Amino acid sequence: MQKLVLIKSQAVPLPSENIDTDQIIPARFLKSISKEGFGENLFKDWRYNVHTNEPNPDFVLNNPKYSGEILVAGNNFGCGSSREHAAWSLTDYGFKVVVSSYFADIFKGNALNNGLLPVKVSEVYLKDLMETITENPSIQIIVNVEKQTISFNEKTESFELDSYKKICLMNGYDDIDFLTSKKEAIQKFELKTQKVYEQEL
């Protein structure tokens with residue numbers, strides 16, 4: 001996975017609340033077991049006309065004013081079914097961070113396991129951020145993973161992040177990578193334990 005340490009980017013505003021995983025990536029696209037290619041169908045039923053497959057000009061991802069590696073969404077993002085493909089589609093599209101005032105627990109876990117940072121902020125901060133992006137699409141948002149802060153226009157708020165997942169994000173580790181990074185320490189422990197056992201014999 002890619003390392004996430006300091007993300008400085010414009011953002012895409014998606015003010016809808018209760019965005020569930022079937023809206024993020026519709027069930028009909030879950031046949032693949034590869035993580036690649038899901039970005040094409042991110043918010044498929046919102047991005048495209050279901051009858052003509054033409055881009056919906058009213059949807060934010062089709063609006064050339066907005067771009068960036070940060071998605072700013074309404075409250076209760078990622079609710080619904082537990083599909084990990086929702087996180088895959090967001091990262092494959094190019095998002096590194098999703099900001100909301102609340103995330104569904106399973107989605108949050110899937111996101112962190114796939115190198116996508118869910119940043120939970122207060123409703124007041126989210127409202128201010130959403131309005132600012134809408135009025136000024138070129139505004140830069142700064143997310144500092146080490147300090148666990150998000151900032152724009154000199155307005156900063158802290159967010160919670162599990163210490164283990166923080167290490168993984170900053171180093172680009174998945175769970176296996178993390179264990180591999182501890183290989184030398186594990187081998188030393190095993191050797192030490194073996195010597196103690198042999199002495200007791």
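Student: Which residues of H5 are buried?

Tutor: The buried residues of H5 are Tyr125, Leu126, Leu129, Met130, Thr132 and Ile133. They lie on the same side of H5, because they cover an arc of only 165° around the axis. Buried means under 20% relative accessible area, exposed over 50%, and partly exposed in between (1.4 Å probe, protein chains only). The arc is that of the directions from the helix axis to the C-beta atoms.

This is a predicted model, in which local features need pLDDT of at least 70 and side-chain atom pairs count only at pLDDT 80 or more, while totals for chains, interfaces and linings use all residues. Residues are numbered from 1 along each chain as its sequence is written, and side-chain values use heavy atoms, leaving out hydrogens and water.

Student: What do the buried residues of H5 pack against?

Tutor: They pack against strands S2 (11-14), S3 (70-73), S4 (97-100), S6 (141-144), S7 (149-152) and S8 (155-158). Helices (H or I, at least four residues) and strands (E, at least two) are DSSP runs, numbered from the N terminus.

Student: Where is Asn110, and is the residue buried or exposed?

Tutor: Asn110 belongs to helix H4 (residues 105-113) and is buried, with a relative accessible area of 13%. Leaving aside neighbours within four places in sequence, Asn110 is in contact (heavy atoms within 4.5 Å) with Ser82, Arg83, Glu84 and Ala87.
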